[in-house]
Amino acid sequence: MLKLDLEYYKGILFIRLKGNLVRRTNYKINNYIVPLLVKHKIKYVIYNLKNLKGIDESGTDAILNTKCKIRNNKGRIYVCEVRDEISSKIKRLKIKQVGEEKTALKKLEVEM
């Protein structure tokens, strides 16, 4: 099971994931988040993975899909609070990792 907590603040979409991002649950990102990014032309996304218990190959593909849409919108994406258990899988995506949401927010506010 995967729960999404979305917050839109100053042009930045915060996506907090809780549960497991696996083949059975990646549709929540692919069918809801990705069209949302395209429709509203959202340029900045911060993923918080603090409560993400597990991720598989299809889960990383779903995050990669959002990265591609953000890149098409000429924006930036950050991942924060990555747990050690999933850190190696997230590093393969080549998305900038920061310690916490406040740090990512500060970096994006400078770029905006």
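Lys10 counts as exposed, with a relative accessibility of 53%. In this text, buried means under 20% relative accessible area, exposed means over 50%, and partly exposed is in between (1.4 Å probe, protein chains only). The model is predicted, so local features need pLDDT of at least 70 and side-chain atom pairs count only at pLDDT 80 or more, while totals for chains, interfaces and linings use all residues. Residues are numbered from 1 along each chain as its sequence is written, and side-chain values use heavy atoms, with hydrogens and water left out.

What does the side chain of Lys10 meet in a salt bridge? The partner is Glu109, at 3.8 Å from N to O. A salt bridge here is a side-chain nitrogen of Lys or Arg within 4 Å of a carboxyl oxygen of Asp or Glu. Lys10 sits in the loop between β1 and β2 and Glu109 in helix α4 (residues 101-111), so this pair ties together parts that are 99 residues apart in sequence. Glu109 counts as partly exposed, at 37% relative accessibility. Helices (H or I, at least four residues) and strands (E, at least two) are DSSP runs, numbered from the N terminus.

There are six salt bridges in the structure. Another one joins Asp5 to Arg16, with the closest N and O atoms 3.5 Å apart. This pair links distant parts of the chain, since Asp5 is in strand β1 (residues 2-9) and Arg16 in strand β2, 11 residues apart. Asp5 is partly exposed, with a relative accessible area of 41%. Arg16 also meets Glu101, and here the N to O distance is 2.9 Å. Glu101 belongs to helix α4 and Arg16 to strand β2, so the pair ties together parts that are 85 residues apart in sequence. Glu101 counts as buried, at 16% relative accessibility. A network of salt bridges links Asp5, Glu7, Arg16 and Glu101.

Now to the sheet. Strands of a sheet pair through backbone hydrogen bonds, either parallel or antiparallel. In this model, five strands form an open sheet in the order β1-β2-β3-β4-β5, with mixed pairing. Two strands count as paired if DSSP finds at least two bridges between them. The edge strands, β1 and β5, each pair on one side only. From one strand to the next, the twist averages 25 degrees. As an example of pairing, β3 and β4 run in the parallel sense over five bridges. The bridge partner of Asn48 in β4 is Cys80.

Axes are lines fitted to C-alpha atoms, for helices over the stretch in contact, and angles run from 0 to 180 degrees between N-to-C directions. Contact, or touching, means heavy atoms within 4.5 Å. Helix α2 lies across β2, β3 and β4, running at about 180 degrees to β3. Helix α4 packs on the sheet and touches β1, β2, β3, β4 and β5, its direction making about 165 degrees with that of β4.

Next comes the interior. A nonpolar core is a set of buried Ala, Val, Leu, Ile, Met, Phe, Trp, Tyr and Cys residues joined through side-chain atoms within 4.5 Å. The largest such core has 24 residues, of which Leu17, Val45, Tyr47 and Leu49 touch the most other members. At least two residues each come from β2 (12-21), α1 (27-40), β3 (44-55), α2 (57-72), β4 (76-80) and α3 (84-91). Strand β3 gives the most, with five residues. Apart from this core lies another, of 10 residues, among them Tyr78, Cys80, Val98 and Ala104. As for Leu17, the residues it touches include Leu2, Ile29, Tyr47 and Leu52, not counting residues up to four places away in sequence.

Which residues of α3 are buried? They are Ile86, Ser87 and Ile90. These three cover an arc of only 130 degrees around the axis, which puts them on the same side of α3; the arc is that of the directions from the helix axis to the C-beta atoms. The cover over the buried residues of α3 includes β3, α2, β4 and β5 (96-98).

Finally, two single residues. Lys69 lies in helix α2 and is partly exposed, at 26% relative accessibility. Leaving out residues up to four places away in sequence, Lys69 touches Val34, Leu37 and Val38. Gly75 has its place in the loop between α2 and β4, and its relative accessible area of 21% makes it partly exposed.
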